[in-house]
Amino acid sequence: MTSFARVRTLAAPEKRGDPAVEVSGLVKRYGEKVAVDELSFSVPRGVVFAVLGPNGAGKTSTIETCEGFRRADAGTVRVLGLDPVRDSSALRPRVGVMLQAGGGAYPGARAAEMLRLVASYCRNPIDPDLLLDLLGLTSVACTTVKRLSGGQQQRLSLAMAVVGRPDLVFLDEPTAGLDPQARHAVWQIVEALRADGVTTVLTTHHLDEAERLADEVLIIDAGQSVAQGTPAALTRGEQPTLRFRTDTDLDAEALLTLTATLPAGCVAGSAGDGGYQVTGPPDAIGPHLLAAVTVWCADRGVMPSDLQVGRRTLEDVFLDLTGRELR
């Protein structure tokens, strides 16, 4: 796969100015169900903007309305200053779309043929062979789309979205089902787009991905905004946390006895991912706390592992805002 350091530009720079996407009071219904409920947000130009939410939160409905695939039942949507439905012909050359699950390609077309077909519609496309190389698809260039793996179809869909050098790209779950190497290749594409001034709006269930890539994050639940800001702003002020795992499950009673041995103000609890965490005031999270946890574990014959101290992550904030129950 070609190194991204050898690529000068993937897209034409986009001047900053009015928001790339502006949504005001958006409502989208399916029968009696309200999928998007008076949602408002704006996306500055030239940034990576992540839309996060649990399954059924309204993410895809919101994105598809911005893309012009669905009509709003109420509210207004403007994309690059235009109505995505009424002005679709004007927006089409300026907007790239990567559909969920790598859709959009003809199943019987070969991968390279499909990408070259899309490129032929564009005024100044990126070299399709370059994109195939960047995304590790050169070896399957002559393979039909229906015979590509799910991850290969995802990468082809991304290539189709950016080949026309768009001003704005919508990426719906761009790394779903990808292996680590492919996932990092997609991240590099997104970072290259941002470096060239292209606005990227993406949805993802990978919170670490959003924390790494996004300049700004919108968290929605039940079709409404519950938080918006930079990842740093959303996690700022959170209490520092000591995290650890054990070779033995700790029940609620054990966690209470652990809390009783900790410095004042510290509380032990489940981290929600099979591990455990201790939170407390900043001056209490230090060597004495680490010693107290390890001594408590040693007294009970419990082996702690993966001990780390840090502030709460975007995933912690997301779970606090949207709940930890399955949807």
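**First stop: a salt bridge**

Select glutamate 113 and arginine 110: their side chains form a salt bridge, with the closest N and O atoms 3.5 Å apart. A salt bridge here is a side-chain nitrogen of Lys or Arg within 4 Å of a carboxyl oxygen of Asp or Glu. Glutamate 113 is partly exposed, at 42% relative accessible area, and arginine 110 is partly exposed too, at 39%. On this scale, buried is under 20% relative accessible area, exposed is over 50%, and partly exposed is in between (1.4 Å probe, protein chains only).

A word on what you are looking at: this is a predicted model, where local features need pLDDT of at least 70, side-chain atom pairs count only at pLDDT 80 or more, and totals for chains, interfaces and linings use all residues. Residues are numbered from 1 along each chain as its sequence is written, and side-chain values use heavy atoms, leaving out hydrogens and water.

**Next: a charged network**

Now pick Arg78, Asp83, Arg86 and Asp87, which a network of salt bridges links together. Zoom in on arginine 86, which is exposed at 59%. Its side chain meets that of aspartate 83 at 3.7 Å, N to O, and it also bridges to aspartate 87, with 3.9 Å between the closest N and O atoms. Aspartate 83 is buried at 15%, and so is aspartate 87 at 19%. For the whole model, the salt bridge count comes to 14.

**Along helix α3**

Select residues 111-120, which make up helix α3. Helices are DSSP runs (H or I, at least four residues), and strands are too (E, at least two), numbered from the N terminus. Which residues of α3 are buried? Ala111, Ala112, Met114, Leu115, Val118 and Ala119 are. They sit on the same side of α3, because they cover an arc of only 165 degrees around the axis, taken from the directions from the helix axis to the C-beta atoms. An α-helix has 3.6 residues a turn, so residues three or four places apart point the same way.

Show α4 (128-134) and α5 (150-162) as well: the buried residues of α3 pack against them.

**Into the core**

Stay with leucine 115. Beyond its neighbours within four places in sequence, it is in contact (heavy atoms within 4.5 Å) with Pro128, Leu131, Leu132, Leu156, Ala159, Met160 and Val163. Leu115 is also among the residues with the most contacts inside the largest nonpolar core, along with Leu52, Leu131, Leu156, Leu158 and Val217. That core has 50 residues. A nonpolar core is a set of buried Ala, Val, Leu, Ile, Met, Phe, Trp, Tyr and Cys residues joined through side-chain atoms within 4.5 Å. A second, separate core has 25 residues, including Leu26, Val51, Val77 and Ile220.

**A charge without a partner**

Go to arginine 155, in helix α5. Arginine 155 is buried yet has no salt bridge. How far away is the nearest side chain of opposite charge? It belongs to aspartate 179, 5.3 Å away. Lys and Arg count as positive here, Asp and Glu as negative, while His and the chain ends are not counted. Not counting residues up to four places away in sequence, arginine 155 touches Leu135, Gly136, Leu137 and Ala182.

Finish with cysteine 266 and cysteine 297. Cysteine 266 is buried at 5% relative accessibility, and cysteine 297 is buried at 0%. The structure holds 0 disulfides, a disulfide being a pair of cysteine sulfur atoms within 2.5 Å. The sulfur closest to that of cysteine 266 is in cysteine 297, 15 Å away, so the two are too far apart for a bond.
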